[in-house]
Amino acid sequence: MTQNTQPHQQANTLWSSRMAFILAAAGSAVGLGNIWKFPYITGENGGGAFVLIYLACIFLIGVPVLIAETMIGRRGGQSPVATMRTLTQTEGTAAGWRAIGWNGVIASFLVLSFYAVIGGWALVYIGKAAAGLFTGADAETIGSQFGTLLANPWELLMWHSIFMAIVVFIVGRGIRSGLEKAVNMLMPLLFLLLVVMVLYAMNSGSFGRAVSFMFSPDFSNLTTAGVLTALGHAAFTLSIGIGVLMAYGSYLPRHVNIARTAMTIAVLDTSVALLAGLAIFPLVFANGLEPGAGPGLIFVTLPLAFGQMSGGAIFGTLFFALLLVAAITSAISMLEPVVEWLEEHKGVGRVKSAIGGGLAIWFIGIGTVLSFNLWEGFHPLGFIAFFEGKTVFDLLDFLVSNLMMPLGGLAIALFAGWAMKREGLAEDIGLQGGAYKAFMVVLRYLTPAGIAVVFLYNLV
Ligand code: PHE
């Protein structure tokens, strides 16, 4: 057993149960990535074969990092920065590994700045659907509604601010009365909404076509780029590599079995992505729409479907409410590493940390708001050929999703697989005998190799 010097392991700030942690971590994992991104990248990459590769990546690359990151977080028991500082000492490793902690706090800070802006879109679309703005509208009208929203910085700023205020409010209330209460209510709601959507889609007529699109693999549709997209998305959707699970793991009681818990989280996250596909594709096919429509799939294509079906205003409202819930439970997990760090390192109370951290993130988010309108033509690193045409938002997204997350995941796999002492590791992870040995082989070789491939590909 490792020593118990970790602050959270003594204070009354732990998750109240294994279930509470599962809901919070699954809440972090299930987000815009599952409902907005997964369906459109599946559509763009031709369906079945892509889904199969994605599933393999989740379980061979995602789950090992999920386990390692949570285990590191619980051992350190503090903010990612302090956890890594403590562990490099107790494990007797090079001080350079501390970069994992900093990478986590900075990346989660940056990712929330743009995630909150997109979360704001979900808020807007709940209102639009409820007001019946899609009813009977044609493709052009719906497309221009989206365009008009993006063109208006004040409107985007307002929704970005409301979204951030909700997130700050929840995180400011702390682990048990804030995060736990929120996910206890929001996660079941999300599953319920999703099941309602799938049931509706089942009766829409094109369910069979959607099922065969998603589950009968045709490898002639899959490109190498598609394989790499699957790999990158597996990391993003599980929230690994940027300190979020390390922060959540620091509040995890000792008796909880991490391996089993991680598996549950991955299964939940995957089920939501697949269910989202099963809710969306039947509507896409039934309305003769294009599955490979790209990022606009749910903001442009789906409203068109909602506008044409009976009860579409209700289902449209439900759908965007679902998106909002998913986005909020992910966003609170992004604020947690920042708040935990402010509390520990700056000695600021929880409420003040949440407000201060939230304000700073909100401010950086203005750059993303402006990227869609006034700063559309502003390409800060445009003088470097590689970044040509990239707005502030594009740069932030690139920095976090393509650099900081994969590098963080890689470093975590290497730290846990190679640098840490073996003593007590099996016990901490919650695996024994052959299962532990197999896990270590995957963590040490397969996972780093897989991440390295995506990373290099993204770079060149
Ligand atoms: N996993 C979240 C999603 O799918 C995004 C996320 C990334 C959340 C990193 C936390 C940390 O939307």
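These legends describe close-up views of a predicted model.

View 1. A polar side-chain atom of Tyr115 is 2.6 Å from an oxygen atom of the ligand. A polar backbone atom of Gly33 lies 2.8 Å from an oxygen atom of the ligand. On the nitrogen side, an N or O atom in the side chain of Ser239 is 3.1 Å from a nitrogen atom of the ligand. On its own the ligand has 320 Å² of accessible area, and the protein covers 100% of that area.

View 2. The largest cavity is the space taken by the ligand.

**View 3. The salt bridge between Arg75 and Glu91.** Side chains of opposite charge can pair when their charged atoms come close. Five salt bridges are found in a search of the whole structure, and one of them joins the side chains of Arg75 and Glu91, with an N to O distance of 2.8 Å. Arg75 belongs to helix α4 (residues 48-76), whereas Glu91 is in the loop between α5 (80-90) and α6 (99-130), so the pair ties together parts that are 16 residues apart in sequence.

Notes. Residues numbered from 1 in each chain as written. Predicted model: local features only at pLDDT ≥ 70, side-chain atom pairs only at ≥ 80, totals over all residues. Heavy atoms only, no water. Polar contact = N/O pair within 3.5 Å; in protein donor to acceptor, adjacent residues only side chain to side chain. Areas by Shrake-Rupley, 256 points an atom, 1.4 Å probe, with all protein chains shown as cover. 1 Å grid on protein atoms, 1.4 Å probe; cavity = no way out; pocket = protein on both sides within 12 Å on 5 of 7 lines; lining within 4 Å. Sits in = over half its atoms within 2 Å of the grid points. Salt bridge = Lys/Arg side-chain N within 4 Å of Asp/Glu carboxyl O. Helix = DSSP H or I, 4+ residues; strand = E, 2+ residues; numbered from the N terminus.
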